[in-house]
Every structure is written in structure tokens, then in C-alpha cells.
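Please find below my comments on the model under review. They are set out as numbered points, to be read beside the sequence and the coordinates.

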Amino acid sequence: MTSQENDMAISYEHDVAAWAKEQVTLLRAGQWALLDVDHNTMKNQREAIAKLLQKMPSLRQVLEEVEWDEDVWKDALDIGGREADLVDLPAIREWDYEQVLKDGYLPS
């Protein structure tokens, strides 16, 4: 474990606000490999989505609808910009849902 990764673990355990601020900085810098995925909500969201898809298999068809996909990505860009000051995100989602939902996947 690098000292930066060790610092992140300590930050989360001892100061969630400092950890969250550091995570936003890493996101802005595109430092995906340094994100604290174990404590990040992406893992929780993936698990929740997987459970929903198991309970409602037809929901997967909705994920493949072009209009729905465009609306969701537009919302994601808006939220990412407002809440994390993320800029220069692609106008069209570059990752398919199978990639995004795969455990441990982070865009490169």
C-alpha cells in the first residue's frame, strides 16, 4: 500500500469529511486507480443495481433504450458538474452497462 493509499484509509476511518474531499480531488484529476473504492458509494450502488436486475430482469431492457440512456447520462453530467465540479466529461457515455456494473470497474 502506498503512503497516499494509506493516508486515504486513515482519512476515511478518522475523518469522513476529509476523505470525501480527497476523493473529489482524485475524481477531478482523473486518478481512478487511487480512489478508495472500498468505501466509495459506487460499490454500494452496483450491488443495489445487481439486486434490482435479479428481481426484475426486464429492467435490463430499459437500460438499453436510447432515449432513457441519453436522459440518464444528461442527469449524471449535471450532477457530476454541480456536486463534484467535474468538467470535461464526455457528452455521450463511453462505457456500456456491462462494464459499468462489473465489480471493481473504473473508467480509464
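1. Basis. This is a predicted model, in which local features need pLDDT of at least 70 and side-chain atom pairs count only at pLDDT 80 or more, while totals for chains, interfaces and linings use all residues. Residues are numbered from 1 along each chain as its sequence is written, and side-chain values use heavy atoms, with hydrogens and water left out.

2. Overall fold. The protein has six helices and zero strands; helices (H or I, at least four residues) and strands (E, at least two) are DSSP runs, numbered from the N terminus. Of its 108 residues, 22% count as buried, buried meaning under 20% relative accessible area and exposed over 50%, with partly exposed in between (1.4 Å probe, protein chains only). Among contacts (heavy atoms within 4.5 Å) between residues at least 6 apart in sequence, 45% join residues at least 24 apart.

3. Helix H5. The 19 residues of H5 (residues 66-84) should span 27 Å at 1.5 Å a residue, and the end C-alpha atoms are 26 Å apart, which agrees; the expected span is 1.5 Å times one less than the number of residues. Asp69, Trp73, Gly80 and Ala84 are the buried residues of H5. Viewed down the axis of H5, these fall within an arc of 50°, so they line one face of the helix; the arc is that of the directions from the helix axis to the C-beta atoms. Their cover includes helices H2 (16-29), H4 (59-63) and H6 (97-101). On the other side of H5, the exposed residues are Glu67, Glu70, Lys74 and Arg82.

4. Arg93. This residue sits in the loop between H5 and H6. Beyond its neighbours within four places in sequence, Arg93 contacts Asp69 and Trp73. The side chains of Arg93 and Asp69 are joined by a polar contact of 2.5 Å (a pair of N or O atoms within 3.5 Å; within protein, one must be able to donate a hydrogen and the other to accept it, and residues adjacent in sequence count only if both atoms are side-chain atoms).

5. Contribution of H5 to the largest pocket. H5 gives the most to the lining of this pocket, with 10 residues. H2, H3 (41-55), H4, H5 and H6 each supply at least two lining residues.
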